[in-house]
Amino acid sequence: MELCYYTYMRLRNITGSREVIADSKWCMETPRDMSGKWHELFGNDHPVYVEIGMGKGRFLIDNARTYPDINYIGIEKYSSVLLRGIQKLEEEPMENVSLIRMEAEYITEVFAEGEIDRIYLNFSDPWPKDRHAKRRLPSREFLARYERILKPGSVVEFKTDNRDLFDFAVEEAAAAGWDMPVCTYDLHADEKLMQGNIITEYEEKFSSMGNPICKYVISRPDRADTLPDQTNPI
Ligand code: SAH
C-alpha cells in the first residue's frame, strides 16, 4: 500500500503509525536480516553512521543532506516519533538514509562486527535512577555493544544538556578504556567545535533556554582480539 505525505498528516490516531512505518520505503522492517549487508541496501560502500534515539530526525536528515557520500541509519524506539522522520523523507527523499524502529539494546543483532563507522547519541534519555544506569545509552553496557559493531578507531559522539548524565558518560567511557579526544561542557561557546555543528531538535530547544550543551567524542579502543562477548557476559 502506498501512502502519501498528506495521508500521514491525517493520521491523527498515532496507533496508525506502525502501519505507516511498515509500509514505508524509508524504514527497514526486518533489520536483523541486514546484518553485514547494509551496504547492499545503499548500493555502495560508503561509510555508515548511526544515530541512536534519532527522535524526529532533524539531525540525521540535515547530516544526510550535507554529506551525501555517507549513509545514515536512524534508530528510534517510538513509532509515533519515527513517523515524523518518515514524513520529512517523503517531502525530501534521500537515498543515503534508512530508519529502524527498535530498542537500541538489540543493536548487535542488526549490525555485524565492525560494520559501522560512527555512532551519534544526542540528548539520550537520562534514566536518573541508579538501578536504571544500564539503560543509559552511554553506559559501559552500551559501550560494549558499540565496540562490537564499530570499526577500530571510529568514534561515538554524544551531546546533552544533562550534566549528571554527561558526568556519568565521561566516567563510563574512561572505565571502558575509550580515549576522549573531545570533551566540552559548553559546546556553543567553543568556536572551533561549533564549526560544522549540526543542531538537533533538543539542542535547539535546550540551548535557547540557556542550558549549556556538553559534548564528547570518544574513540573505540583498538583491541579487536578481545571484544567483550555480549551473548555470554562474564
Ligand atoms: N536525538 C533527538 C531526540 C532526543 S530525545 C534530538 O536530539 O533532538 C531521545 C530520543 O531517543 C527519544 O525519541 C527516545 O524515544 C529515543 N530513545 C531513547 N532510548 C532509546 C533506546 N534505548 N532505543 C531507541 N530509541 C531510544
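Contact is taken here to mean heavy atoms within 4.5 Å. The model is a predicted one, in which local features need pLDDT of at least 70 and side-chain atom pairs count only at pLDDT 80 or more, while totals for chains, interfaces and linings use all residues. Residues are numbered from 1 along each chain as its sequence is written, and side-chain values use heavy atoms, with hydrogens and water left out.

The secondary structure of the protein comes to 10 helices and 7 strands, where helices (H or I, at least four residues) and strands (E, at least two) are DSSP runs numbered from the N terminus. Of the 234 residues, 48% count as buried, buried being under 20% relative accessible area, exposed over 50% and partly exposed in between (1.4 Å probe, protein chains only). Among contacts between residues at least 6 apart in sequence, 77% join residues at least 24 apart.

Strand β4 (116–122) is largely enclosed by the rest of the structure, because 6 of its 7 residues are buried. Strands are said to pair if DSSP finds at least two bridges between them; β4 pairs in the parallel sense with β1 over 4 bridges, and with β5, again in the parallel sense, over 6 bridges. Within these pairings, Ile-52 stands opposite Leu-121 of β4, and Tyr-120 stands opposite Glu-157 of β5. Together with α7, strands β4 and β5 make a right-handed β-α-β unit, the hand being right if, with the strands pointing away from the viewer, the path from the first strand over the helix to the second runs clockwise.

Helix α4 (residues 58–66) has as its buried residues Phe-59, Leu-60, Ile-61, Asn-63 and Ala-64. The cover over these residues includes β1 (48–52), β2 (71–76), α5 (79–91), β3 (97–101), β4 and β5 (150–160). Phe-59 also belongs to an aromatic cluster with Tyr-49, Tyr-72 and Tyr-120.

A search of the whole structure finds 12 aromatic pairs, with rings of Phe, Tyr and Trp (its six-membered ring) pairing if their centres lie within 6.5 Å, and with planes under 30 degrees apart counted as stacked, over 60 as edge-to-face and the rest as tilted. One of them is the tilted pair of Phe-123 and Tyr-202, at 6.4 Å centre to centre and 45° between the planes. Since Phe-123 lies in the loop between β4 and α7 (140–149) and Tyr-202 in helix α10 (residues 201–208), the pair ties together parts that are 79 residues apart in sequence. Phe-123 counts as buried at 8% relative accessibility, whereas Tyr-202 counts as partly exposed at 45%. The charged end of Lys-205 sits over the ring of Tyr-202, 5.2 Å from its centre, the criterion being NZ of Lys or CZ of Arg within 6 Å of the ring centre and within 35 degrees of the ring normal. Arg-135 lies over the face of Trp-127, at 4.7 Å from the ring centre.

Thr-184, in strand β6 (residues 179–184), counts as buried at 9% relative accessibility. Residues up to four places away in sequence not being counted, Thr-184 touches Phe-166, Leu-193, Ile-213, Cys-214 and Lys-215. A polar atom of the Thr-184 side chain lies 3.0 Å from the backbone nitrogen of Asp-186. By contrast, Ala-174 of helix α8 (residues 163–175) counts as exposed at 53% relative accessibility. Ala-174 and Ile-218 are 44 residues apart in sequence and 9.3 Å apart in space, C-alpha to C-alpha.

Key. Polar contact = N/O pair within 3.5 Å; in protein donor to acceptor, adjacent residues only side chain to side chain.
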